[in-house]
Every structure is written in C-alpha cells, then in structure tokens.
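Open the model in your viewer and keep the selection panel to hand.

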Amino acid sequence: MLTVTSDTLRAIAPRFSGDKAARQDEILTRINDELATTLERYAINTALRIAHFLAQTAHESAGFRTTEEFASGEAYEGRTDLGNTEPGDGKRYKGRGLIQLTGRANYRAFGEAVGIALEDEPERAAEPALSLVIACEYWRRRDINAHADRDDIIAATWAVNGGLNGLDDRRACLAKAKAELARHLFAPATALPVLRQGTRGPVVARLQHGLREAGITVGLDGDFGPGTKAAVITFQNQAGLVADGIVGAASWARLARNEPANA
C-alpha cells in the first residue's frame, strides 16, 4: 500500500497566507490520521487512483482550504431534484465535503452509507475527516477508480463535476500529484524501469520532473510522448549518453545527480 499523508497533500496544494493558510493547515492536519486507511478502505490504493483522487479533491476544496462551498446554498432552494422540498433546504443542505455533497436527498443517502445521520446534522459533512469519507464514498459510487485506471482525467472530471469546469487546474493538480507520488513513494533511481515513448504513469512524471531539474523544458503530465522523447534526447546529448530517447539505468543515474537529496 502506498503511504499518503497530509504532507503529500501539502506538496500538491497551492500555498496560502493568513487565514487561508491556517484553514488549510487545520483541514490537512485533521485529515492526516485517517487519510491512508480511508483511501485503502475505498480501494483508492494505486498510484494512478491516488493521484486522480488528490487532484480532484484539491480542486473541489479550493486547494484543501475549505470543506464547504463559498456560496450560501440559496440557489438550491426548491430543487426537488436534490430532494429540497422544505423551506430553507437550499442553505441547510448546501455543498459540503472534499467533493461537495448537495441536497437533502444526497445528505440522506450518503449519511446512511457512512452511518451518520447527515440529514439531521448536515453541518457534520464539513468536518475534515468526515468530508474525506464522503468524497471517497462519492468516488466509489461513481466508479471513478475505473477512469483513474485509464488515466482519463476528462471522464474523472465529468464524474465529479458533471462538466469540465476547472479542467486546467485539475490537470495541473494531477501532474503535481503524479510527480509527488513518483518522487517520494517510488523506488530509488537504481531500481526504476526502462522508459520509452508510449509509457504513461507516475514514474514518467518523475522522469519529467528530473528533466526539469536538469534544466530541460518538458511538460509534466505523466505521458511519455514525442515531446518527452525529444527532451530525453536533449538531456542525453548534454550528458554524453547514447541519445536514443530511451531512459535506462545510465539516464536515471545521471538524472539522479540533479535531484534534491530527499528525493
């Protein structure tokens, strides 16, 4: 099992100051003890699944600094499709959670699933540890692991958002998540696999990060496409290696010289 902590989330999230930073720190600290076990319980336990989950929740929570939508919820008043049938239901059942739970019907259904009467106590959905469980339950119900397994951020975003709002930010968060997992959770450079064009995944993000550390311009998307191959060839030429665009032991070893000591 890959071990993910609040430090992993901090590395992915944007940096804030003042009250925003304090709230982010509070949320991440309160999530920390439950994070790894909750992800494992919901089978969010591979590098791609974890990376996609962290990317989506980072965006949905405005950089892990809120577990409650900023709007009042008044826009949901009278939304019978959400189960809001009583006066005040819009505000009462506004969006809460790392992936926002909205509407009386959803509070009832998810409350039953996690064993807490959220319909009676909707504010509890904003509790950081519980907001994580709600997000994981949503992830399971929508089978988003299947999209993550294909590294399909479009499908994952549709499943979370019902559209493609904030796609660029979600992509950026995903790239950062892949790089962070690759840098801190994967084997040392001496044990890394041979990579070539067509390879995808967190280990490719680690390669791309290493190329950037070496001063080579390259995207950070976890996809070993033509651009990454060209960047590898540039690096190999500069390092005096065989410039074939294939990353083997010699290329990994030279890249490792440019990595920070804790990589």
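At roughly what angle do the axes of helix α10 (residues 202–213) and helix α11 (residues 226–239) cross? Select both helices in this predicted model. Their axes cross at roughly 45 degrees and come within 11 Å. That angle makes α10 oblique to α11. The crossing of α10 past α11 is left-handed.

Now show the side chains at this contact. On α10, pick Leu207, Gln208 and Leu211. On α11, their partners are Thr228, Ala231, Val232 and Phe235. Colour the contact of α10 with α11 by class: 5 residues are nonpolar, 2 are polar and none is charged.

Select Phe235, Gln236 and Ala239 on α11, then Ser251, Arg254 and Leu255 on α12. These residues make the contact. The contact of α11 with α12 has 3 nonpolar, 2 polar and 1 charged residues.

Last stop: centre on serine 251, in helix α12. Is serine 251 buried or exposed? Its relative accessibility is 5%, so serine 251 counts as buried. Leaving out residues up to four places away in sequence, serine 251 touches Phe235, Gln236, Leu241 and Ile246.

Definitions and conventions
Residues numbered from 1 in each chain as written. Predicted model: local features only at pLDDT ≥ 70, side-chain atom pairs only at ≥ 80, totals over all residues. Heavy atoms only, no water. Axes fitted to C-alpha atoms, helices over the stretch in contact; angles between N-to-C directions. Helix = DSSP H or I, 4+ residues; strand = E, 2+ residues; numbered from the N terminus. Parallel < 35°, antiparallel > 145°, perpendicular 65-115°, else oblique. Left-handed = near helix turned anticlockwise from the far one by under 90°. Contact = heavy atoms within 4.5 Å. Nonpolar A, V, L, I, M, F, W, Y, C, P; charged D, E, K, R; others polar. Buried < 20%, exposed > 50% of the residue type's maximum accessible area, 1.4 Å probe, protein only.
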